[in-house]
Amino acid sequence: MPKHTLNPNNWVDLYSDYLFNYTITRVNDRVIAQDLVSETFLAGLNAMKNFKGEAAERTWLISILKRKIIDYYRKINSNKGKAEVRMTYNDSESEGDWLEERIADPFDKTAEDSIENEELADAIQSCIAKLPKKQAEVFKKKTILNQETETISKELNITASNLWVIVHRARVALASCLEKNWF
Amino acid sequence: MGLFFIKCKEAGHVCDKYQYEEASITEKIKLKIHLMYCSACRKHSASNKKLSQLLNKIKFQFLSSEEKDNIKKSFEKELKKHQQ
Ligand SMILES: [Zn+2]
């Protein structure tokens, strides 16, 4: 079995969107989410010597991020005098469970649905990360941010027909990347 | 009538526009006609549609380029210190 390695030079390019998306669905604040992602990368850098190569790089970063999110909630709760936690559980040892629950299930959807969607989101994010940079950028603006063709063309200084060619390539690549597990 | 027959390249383009609800009615008709006799485009059209469905299921929030650059800049500063 090949051991996993860490390459922090690529972290921001490969994982920042994924980590951000993971965080924002849990903390609901863009600025805080960005801070948590930054802190995660830094913590990862400082913890590299402890990496045993057992987990994939991204899984390892996510486990650091989870701790950061828990710490974040712990901090707001202690600022609020822990009232909310005590109302839910009498016993302070359960505080950790409460936090874990809140992080594991941030939606009202059924758990199964949210796990499947999380896996799908995960798969789509990794496929997008594999696209050439320009393709990924155009595709995200057009598809996920729902920006107008004209707006994107102006911003990136490309023609509309050029944009559609790029979108086409990105869609073909994504469909084939997702085909094995999701089609 | 010849106007209604388009080549695969155009069919692919119309199919993409369709996914973003940007195809005109005439374009949609042209595409439908093309799909009746072109199995390669039928296949592409089906997977393109499936991709749209998958994308619609997920609510994404990405970093803007500026936000990502900020994260990158501050991280690279630390990275340099580490790699010295
Ligand atoms: Zn065709």
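Begin by selecting domain 1 (1-81) and domain 2 (119-183) of chain A: both contribute residues to the lining of the largest pocket, so this pocket lies between them. The domain bounds come from an automatic or database domain assignment. The model is predicted, so local features need pLDDT of at least 70 and side-chain atom pairs count only at pLDDT 80 or more, whereas totals for chains, interfaces and linings use all residues. Residues are numbered from 1 along each chain as its sequence is written, chains are lettered from A and ligands numbered from 1 in the order in which they are written, and side-chain values use heavy atoms, with hydrogens and water left out.

**The largest pocket**

The space in the largest pocket is about 830 Å³. Pockets and cavities are found on a 1 Å grid over the protein atoms alone: a cavity is a set of points where a 1.4 Å probe fits but cannot get out, a pocket is an open set with protein on both sides within 12 Å along at least five of seven lines, and lining residues have an atom within 4 Å of a point. Grid points are joined across faces, edges and corners, and a volume is the space filled by probe spheres set on the points.

Next, select Asp13(A), Asp17(A), Ala136(A), Lys140(A) and Lys68(B), the closest to the pocket centre of the 31 lining residues. Two or more lining residues come from each of helix 1 (11-27), helix 3 (57-79), helix 6 (111-130) and helix 7 (133-144) of chain A, and from helix 4 (65-83) of chain B. Helices (H or I, at least four residues) are DSSP runs, numbered from the N terminus. By class, the lining holds twelve nonpolar, six polar and 13 charged residues. Here Ala, Val, Leu, Ile, Met, Phe, Trp, Tyr, Cys and Pro count as nonpolar, Asp, Glu, Lys and Arg as charged, and the others, Gly among them, as polar.

**The second largest pocket**

The second largest pocket holds about 380 Å³ of space. Select Lys142(A), Thr143(A), Asn146(A), Tyr20(B) and Asn56(B), which are the closest to its centre among 17 lining residues. Helix 7 of chain A and helix 3 (39-57) of chain B each give two or more residues to this lining.

**Asn21(A)**

Move to Asn21(A), in helix 1 of chain A. Asn21(A) is buried (under 20% relative accessible area; exposed is over 50%, partly exposed in between; 1.4 Å probe, protein chains only), at 8% relative accessibility. Leaving aside residues up to four places away in sequence, Asn21(A) touches Gln125(A), Lys59(B), Phe60(B) and Gln61(B), where contact means heavy atoms within 4.5 Å.

**The cysteines**

Select Cys127(A) and Cys177(A), which are joined by a disulfide with an S to S distance of 2.0 Å; the criterion is a pair of cysteine sulfur atoms within 2.5 Å. The torsion about their S-S bond is about -80 degrees, so the disulfide is left-handed. Cys127(A) sits in helix 6 and Cys177(A) in helix 9 (residues 160-182) of chain A, 50 residues apart. Cys127(A) is buried at 6% relative accessible area, whereas Cys177(A) is partly exposed at 30%.

**The cavity**

Finish at the largest cavity, of about 30 Å³. Select its lining: Pro8(A), Asn9(A), Val12(A), Lys72(B), Phe75(B), Glu76(B) and Leu79(B). Helix 4 of chain B supplies the largest share of this lining, four residues.
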